[in-house]
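Me: I would like to learn how to read this model feature by feature. Please give me the general idea each time, then the case at hand.

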Amino acid sequence: MSAADQGTPGAERTLGQLVASATAEMSALVHDEIALAKAEIRQDVKRATIGGTALGVAGVLALFSLPVLSFAAAYGIHNLGLGLAWSFLIVGVAFLLIATLLGLLAVAKFKKVKPPEKTISSVKQTAAVVGTVKPHPRPVSDKAVGVARSSS
């Protein structure tokens, strides 16, 4: 084996080795960017899930339990001596307050969801570096020309 085949310092690498090295490095870079994006998005998905669940619970409460509990509470208040209309009004306002609080909780959780800023910054830096890379000029030797002609 020659010095170039063994990868010793100062030895020139072949075009195939350079392409293989560049491909491996770009592949590793893409995999690292994807892993970073997944890690950032995972936390925001948890927040969005909590916010969505709170909003869903608020909707279910308003839809299914509101009529039944409203009647029960209104008639309970009416039995205490208050007029029936006032009893229903008090119960309706109480349920609206609960739904409003759950809605505000959901909005607060949704506002904490952010784009993957680290990933975006890293991708921009990578694109800037890759965009400024220029190939190194290499002297053309007779061997390189002969190899290129014989392989085509």
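Me: In which helix does A39 lie?

Reply: Helices are DSSP runs of H or I with at least four residues, strands are runs of E with at least two, and both are numbered from the N terminus. A39 lies in helix α2. Two points on the source come next. This is a predicted model, where local features need pLDDT of at least 70, side-chain atom pairs count only at pLDDT 80 or more, and totals for chains, interfaces and linings use all residues. Residues are numbered from 1 along each chain as its sequence is written, and side-chain values use heavy atoms, with hydrogens and water left out.

Me: How many helices and strands does the protein chain have?

Reply: The protein chain has 5 helices and 0 strands. Along the sequence the pattern reads α-α-α-α-α.

Me: What share of the residues of the protein chain is buried?

Reply: Start with the classes. Buried means under 20% relative accessible area, exposed means over 50%, and partly exposed lies in between (1.4 Å probe, protein chains only). Of the 152 residues in the protein chain, 12% count as buried. A39 is partly exposed, at a relative accessible area of 44%.

Me: Which residues does E33 touch?

Reply: E33 lies in helix α2, residues 15-79. Leaving out residues up to four places away in sequence, E33 touches T119, S122, V123 and T126.

Me: Which side chain of opposite charge is nearest to E33?

Reply: Lys and Arg count as positive, Asp and Glu as negative; His and the chain ends are not counted. A salt bridge needs a side-chain nitrogen of Lys or Arg within 4 Å of a carboxyl oxygen of Asp or Glu. The nearest side chain of opposite charge is K124, 12 Å away. E33 is buried yet has no salt bridge.

Me: How many aromatic pairs are there?

Reply: A pair of aromatic rings is described by the distance of the centres and the angle of the planes. Rings of Phe, Tyr and Trp (its six-membered ring) pair if their centres lie within 6.5 Å; planes under 30 degrees apart are stacked, over 60 edge-to-face, and the rest tilted. The count comes to 3 aromatic pairs. In one of them, the rings of F71 and F88 have centres 5.3 Å apart and planes at 80°, so the pair is edge-to-face. F71 lies in helix α2 and F88 in helix α3, so the pair ties together parts 17 residues apart in sequence.

Me: Which cluster do ring pairs form with F88?

Reply: Ring pairs link F71, Y75 and F88 into a cluster. F71 is partly exposed at 47% relative accessible area. F88 is partly exposed too, at 27% relative accessibility. The rings of Y75 and F88 have centres 5.8 Å apart and planes at 80°, so this pair is edge-to-face.

Me: Is W86 buried or exposed?

Reply: W86 is exposed, with a relative accessible area of 54%. W86 lies in helix α3, residues 84-111.

Note on methods
Contact means heavy atoms within 4.5 Å.
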